[in-house]
Amino acid sequence: MSEQTGTSALSKGSKTKEKILKTALKLFSAKGYKATTVRDIAGAMGVKQSALYNHFRNKEEILETLISNLTSSAIVTLFDDKEPQELHKQGKSLLMNLATTFKLIGFDGPNEALLKLLMQEIFRNERVREIYNEYFYQENVKKLSGLFFQMMQEEMIKSSDPLLLANEFFSPLFFYQMQVSLLKLDKKSTSSVVSLFEKHVDFFWDNIKVEKQETLF
């Protein structure tokens, strides 16, 4: 077999594997992992079950691969595209960008499906809990609390517990995002919820910002 033929076969195999993962994610998030069979996945792809076993040993391995993909999903990479230096100086704009990321997850197929999978499996799968705790809670909440601390040092916001503030900021965003997903699931309008992301930032910032005192001189 020539090098070109080998490369072509490898590329085709990679695309098939990606298609299996994409199809499985869609079914897992819609039907649930337990209710979805390998036959369901193969049927949705229009192939025989044996074609899937060429790439994955079983359904559990497909789930494990999808779980590992959670670490690169939007929900756990909130700060990855942001320059760490002077980030705290963005103040309210930073919070608005974080809230927008949460809102857009509900309208991005792969990320929404990964979040649904996370919510479904978090009570059943220890690895999912580890990813949630390590990559979301430990990392993102810690990073935001550090930024809040810097804002306090520069008297941009009132002195408080920065870790508590980070939790208080993120918690409603999870709730609103879940509401968007539930409304979409029932084919209902999301217009009543999508504006809450920005309103939350406005309300939150107004309650923590330091009011600058105007002087006459």
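**Close-up views of a predicted model**

View 1. Leaving aside residues up to four places away in sequence, H88 is in contact with L147, Q150, M151, E154 and M156. H88 lies in the loop that runs between helix 4 (59–69) and helix 5. Its relative accessibility is 4%, and H88 therefore counts as buried, the cut-off for buried being under 20%.

**View 2. Packing of helix 5 on helix 8.** Helix 5 covers residues 92–105 and helix 8 covers residues 162–185; their axes are 9 Å apart and the packing angle is about 25 degrees. Angles under 35 degrees count as roughly parallel, so helix 5 and helix 8 are roughly parallel to each other. Their crossing is right-handed. On the helix 5 side the contact is formed by L95, L98, A99, F102 and I105, and on the helix 8 side by F169, F170, L173, F174 and Q177. Sorted by class, the residues of this contact between helix 5 and helix 8 are nine nonpolar and one polar, with no charged residues.

**View 3. The largest nonpolar core.** This core contains 32 residues. L95, L144, F148, I157, F169 and F170 are the residues with the most contacts inside the core. Two or more residues come from each of helix 5, helix 7 (126–153), helix 8 and helix 9 (191–208). Helix 8 gives the most, with nine residues.

**View 4. L144 and its contacts.** L144 is among the residues with the most contacts inside the largest nonpolar core. When residues up to four places away in sequence are not counted, L144 touches F79, L95, L98, A166, F169 and F170. A second, separate core has 27 residues, including L66, L114, L117 and L118.

**View 5. Packing of helix 8 on helix 9.** The axes of helix 8 and helix 9 come within 9 Å of each other and cross at roughly 170 degrees. Angles over 145 degrees count as roughly antiparallel, so helix 8 and helix 9 are roughly antiparallel to each other. Helix 8 makes the contact through L165, E168, F169, P172, L173, Y176, Q177, Q179, V180 and L183, while helix 9 uses V193, V194, L196, F197, H200, V201, F204 and I208. By class, the residues in this contact of helix 8 with helix 9 are 14 nonpolar, three polar and one charged. F169, L173 and Q177 of helix 8 are listed here and also in the contact with helix 5.

Methods. Residues are numbered from 1 along each chain as its sequence is written. This is a predicted model: local features need pLDDT of at least 70, side-chain atom pairs count only at pLDDT 80 or more; totals for chains, interfaces and linings use all residues. Side-chain values use heavy atoms; hydrogens and water are left out. Axes are lines fitted to C-alpha atoms, for helices over the stretch in contact, and angles run from 0 to 180 degrees between N-to-C directions. Helices (H or I, at least four residues) and strands (E, at least two) are DSSP runs, numbered from the N terminus. Angles under 35 degrees count as roughly parallel, over 145 as roughly antiparallel, 65 to 115 as roughly perpendicular and the rest as oblique. A crossing is left-handed if the near helix is turned anticlockwise from the far one by less than a right angle, and right-handed if clockwise. Contact means heavy atoms within 4.5 Å. Ala, Val, Leu, Ile, Met, Phe, Trp, Tyr, Cys and Pro count as nonpolar, Asp, Glu, Lys and Arg as charged, and the others, Gly among them, as polar. A nonpolar core is a set of buried Ala, Val, Leu, Ile, Met, Phe, Trp, Tyr and Cys residues joined through side-chain atoms within 4.5 Å. Buried means under 20% relative accessible area, exposed over 50%, partly exposed in between (1.4 Å probe, protein chains only).
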